[in-house]
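Dear colleague,

I am handing over the structure below, and my notes on what was found in it follow directly after. Please read them with the model open beside you.

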Amino acid sequence: MDGQRERGDRAPQWRWHGPPWWNRRVDEERRPRWPWVSTALVTAFVLVGSNFAAHVQEGERAGLDPFARALLFVTGAALLWRLRYPVPVVFGTAVATLAYLGAGYPYGPVFLAVAVACFSAVVAGHREAAWAAMGILWAGHALMAHWLYRWLPPAGDSAASWGQELGIAAWVVAVAALSELARARREQWARERAERARAARRRADEERLRIARELHDVLAHSISVINVQAGVGLALLDTDPEQARTALTTIKDQSKEALGEVRQVLDTLRTPGDAPRAPAPGLDRLPELVEQAASAGLTVEVEGKPPRLSPGTDLAAFRIVQEALTNVVRHSGSRHARVRLDRDGSTLRLRVDDDGPATGADAGGSGNGLAGMRERAAALGGTIEAGPRPDGGFRVLAALPVDVGHTAQTKDTTQAKGDDR
């Protein structure tokens, strides 16, 4: 919708996610909320607690008058802005507390407001401001208690003991340390949330690539066969109706199989975690793959027998051979291909050759299929080499581990749930 505003002044002021009133609500939700309840509780506690402190310290400190109560109320009420403006609030509460103490009013829970403001400022990341405000509060109190007390109310007051100052300093340090601990925990939680978000995005990207690879592998072979048989059917429709009928039958079978596999892939997306309704394909289906290639006019010779493989390797080997033969059908002028299977220790070596020549610029494949092969091999710790042969034609050479670790097997077993769908 933003593009509409760029096209003219008369375009409605809408964003992609809704009208202006909705946008304002979303922006408001992103801002810190007003801490009404906690502010009211702290303010009430400061006012009520100071009344009790005034009775206890009667005769030692000045009594609470309207100005004192106003200072207490302002100090507590300022906390309402502590999430949005933590620096002004922490300095404001420190100055208001100094004014309260300088007027000779009784000690008490007035320090609670400064502690809450300091805590909010440190957690919000304004550590220097919080420490500076607490330092100003302590230094100001020390100055009043040991030098300015002669000119400040109440009359006849004596200098405070240094033990009291040490107690206040310890209180300041304790509040600051608790605030730093909360800040560290909050940053740790934020890092953990960010890491979980990155992991979720990474899993989503991997799943998107897996789905793209599976759809490509599922459809490319069948559609290539359909394309070849459609051309055969059109060419022989008038001269050899029976052969054309055979080509149309092959098209029907291949399209039905492709639709079934795509439907199962989509079912997997709609209901993740369900057990697969069909086993994952492996090299035991190689004869079926050769038969499908033959229906597209490609003769395939298979050398060697597949060894016992882990499910992940078996699936990857089948898909690699399937994609290599599909590329021969689509991009090679050769009607003959060779598949060779060898086991070298703990490594399965797959080789698919054709004699060429290439029929277009995309010799060996359009790039998506080769990328999918490499991704499958890399997921198992194997390798893929693909390129033109010196004597013409094209070769795909894969080296895959016969037995993969538990992690890779788990990953590929998960992939297998959507492979033959």
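Arg213 counts as buried because its relative accessibility is 9%, where buried means under 20% relative accessible area, computed with a 1.4 Å probe on protein chains only. This is a predicted model, in which local features need pLDDT of at least 70 and side-chain atom pairs count only at pLDDT 80 or more, while totals for chains, interfaces and linings use all residues. Residues are numbered from 1 along each chain as its sequence is written, and side-chain values use heavy atoms, with hydrogens and water left out.

Arg213 lies in helix 8, helices being DSSP runs of H or I with at least four residues, numbered from the N terminus. Its C-alpha atom is separated by 10.0 Å from that of Arg319, which is 106 residues apart from Arg213 along the chain.

Glu180 is also placed in helix 8 (residues 162–236), and at 13% relative accessibility Glu180 counts as buried. Leaving aside residues up to four places away in sequence, Glu180 touches Val122, Arg127 and Trp131, contact meaning heavy atoms within 4.5 Å.

As for the helix pair, the axes of helix 6 (residues 110–123) and helix 7 (residues 127–146) come within 7 Å and cross at roughly 160°, the axes being lines fitted to C-alpha atoms over the stretch in contact, with angles running from 0 to 180 degrees between N-to-C directions. Helix 6 is therefore roughly antiparallel to helix 7, a term used for angles over 145 degrees. The contact is made by Phe111, Val114, Cys118, Ala121 and Val122 of helix 6 together with Arg127, Ala130, Met134 and Leu137 of helix 7.

How values were computed:
Helices (H or I, at least four residues) and strands (E, at least two) are DSSP runs, numbered from the N terminus. Angles under 35 degrees count as roughly parallel, over 145 as roughly antiparallel, 65 to 115 as roughly perpendicular and the rest as oblique. Buried means under 20% relative accessible area, exposed over 50%, partly exposed in between (1.4 Å probe, protein chains only).
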